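Subject: Structure handover and notes

Dear colleague,

Please find the structure below, together with its sequence. My notes on it follow, with the cut-offs given where each term comes up.

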Amino acid sequence: MNGRPCKIDTKRLDRTLNNAERQIILTAGQGDLSRGWHKLLELYAHVHSQGYRPDQSFESVSYSVKSV
């Protein structure tokens with residue numbers, strides 16, 4: 001990704017989404033970009049708590065489906 005270097009105290013993100021990125025976030029938020037962004041943050045927090053780290057591929061994440 002290109003852009004300015006990250007600052008740790010950034011409070012706002014201003015990024016132009018391509019169509020694929022927009023669709024992923026919209027899908028995660030059931031049509032709401034803000035909700036989708038928060039759902040993706042929640043998902044990342046979960047996989048991080050399960051041991052995933054940014055230098056790993058997502059294929060290293062395992063999951064199980066719980067019966068209801």
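Helix α2 covers residues 33-49, and at 1.5 Å a residue its 17 residues should span 24 Å, which agrees with its end C-alpha atoms being 24 Å apart. The expected span is 1.5 Å times one less than the number of residues, and helices here are DSSP runs of H or I with at least four residues, numbered from the N terminus. This is a predicted model, in which local features need pLDDT of at least 70 and side-chain atom pairs count only at pLDDT 80 or more, while totals for chains, interfaces and linings use all residues. Residues are numbered from 1 along each chain as its sequence is written, and side-chain values use heavy atoms, with hydrogens and water left out.

At the start of α2, a side-chain oxygen of D32 comes to within 2.9 Å of the backbone nitrogen of S34. Just after the helix, G51 adopts a positive phi of about 110°.

A search of the whole structure gives two aromatic pairs, where rings of Phe, Tyr and Trp (its six-membered ring) pair if their centres lie within 6.5 Å, with planes under 30 degrees apart counted as stacked, over 60 as edge-to-face and the rest as tilted. The rings of Y44 and Y52 have centres 6.0 Å apart and planes at 85°, so this pair is edge-to-face. Between Y52 and F58 the ring centres are 4.9 Å apart and the planes are at 10°, so that pair is stacked.

As for accessibility (buried is under 20% relative accessible area, exposed over 50%, and partly exposed in between, with a 1.4 Å probe and protein chains only), Y52 is buried at 6%, Y44 is partly exposed at 33%, and F58 is exposed at 57%.

W37, which lies in helix α2, is partly exposed at 39% relative accessibility. Together with L13 and L41, W37 forms a nonpolar surface patch with about 320 Å² of accessible area; such patches take residues with over 30% relative accessible area and no salt bridge, and join nonpolar side chains (Val, Leu, Ile, Met, Phe, Trp, Tyr) within 5 Å and like charges within 9 Å. The areas come from the Shrake-Rupley method with a 1.4 Å probe, and for residues only the protein chains shown count as cover, while a salt bridge is a side-chain nitrogen of Lys or Arg within 4 Å of a carboxyl oxygen of Asp or Glu.

With kind regards

Conventions:
Helix = DSSP H or I, 4+ residues; strand = E, 2+ residues; numbered from the N terminus. Polar contact = N/O pair within 3.5 Å; in protein donor to acceptor, adjacent residues only side chain to side chain.
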